[in-house]
Amino acid sequence: MDVPLVVLDYVAAQVEVADPSCVKRYTEREKTRLDHQWEIAQVGGFVSFTSAQEQLVEWLDRRAWTTGDGPKALFVAADASSRPCTY
């Protein structure tokens with residue numbers, strides 16, 4: 001919670017929060033953080049690692065056998081394939 005005011009004001013403006021001082025109350029209710037994590041996951045299309053692990057392992061296995069890529073290239077490819085194209 002020790003965030004510089006300029007950072008807090010900047011983020012508050014981005015998410016359209018009129019009163020940035022309300023961030024101090026954010027931790028008063030534990031479930032708020034969990035609710036927000038769920039909302040972010042829904043909007044961003046994110047899933048838990050455990051629900052995607054098997055599919056990722058299969059994808060990595062196929063790619064390793066067909067491309068000959070090493071661990072670093074496979075990691076970069078897996079990371080890139082998990083991001084939606086925004087441009």
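Helices (H or I, at least four residues) and strands (E, at least two) are DSSP runs, numbered from the N terminus. On this basis, the protein chain holds four helices and zero strands. The order along the sequence is α-α-α-α. The radius of gyration, taken over C-alpha atoms, is 19 Å. Along the principal axes, the C-alpha atoms fill a box of roughly 55 × 25 × 25 Å.

The model is predicted: local features need pLDDT of at least 70, side-chain atom pairs count only at pLDDT 80 or more, and totals for chains, interfaces and linings use all residues. Residues are numbered from 1 along each chain as its sequence is written, and side-chain values use heavy atoms, with hydrogens and water left out.

Burial was assigned from relative accessible area: buried means under 20%, exposed over 50%, and partly exposed in between (1.4 Å probe, protein chains only). Of the 87 residues, 8% count as buried. Accessible areas come from the Shrake-Rupley method with a 1.4 Å probe; for residues, only the protein chains shown count as cover. The accessible surface of the chain is about 7900 Å². Carbon and sulfur atoms contribute 60% of this surface.

Charges were counted with Lys and Arg as positive and Asp and Glu as negative, leaving out His and the chain ends. Each charge was placed at NZ of Lys, CZ of Arg, CG of Asp or CD of Glu. The chain has 9 positive and 13 negative side chains. The centres of the two sets lie 1 Å apart.

Val3 lies in the segment before H1. Val3 is partly exposed, at 42% relative accessibility. Leu5 belongs to helix H1 and is exposed, with a relative accessible area of 64%. Leu5 and Pro20 are 15 residues apart in sequence; their C-alpha atoms are 8.8 Å apart in space.

Glu16 sits in the loop between helix H1 (5–14) and helix H2 (30–44). Its relative accessibility is 73%, which counts as exposed. Glu16 is not a glycine, yet its phi is positive, about 60 degrees. Most residues other than glycine have a negative phi. Val3 and Glu16 are 13 residues apart in sequence, with 18 Å between their C-alpha atoms.

Helix H3 spans residues 49–67. A kink of about 30 degrees is centred on Gln55 in H3. The bend at a residue is the angle between axes fitted to the seven residues ending there and the seven starting there. Gly68 follows H3 and has a positive phi, near 75 degrees.

Leu60 is also found in H3. Leu60 is partly exposed, with a relative accessible area of 26%. Contact means heavy atoms within 4.5 Å. Leaving aside neighbours within four places in sequence, Leu60 is in contact with Leu74 and Ala78. The C-alpha atoms of Leu60 and Ala77 are separated by 9.1 Å, at 17 residues apart along the chain.

Note on methods. The radius of gyration is taken over C-alpha atoms; the globule rule is 2.2 Å times the number of residues to the power 0.38.
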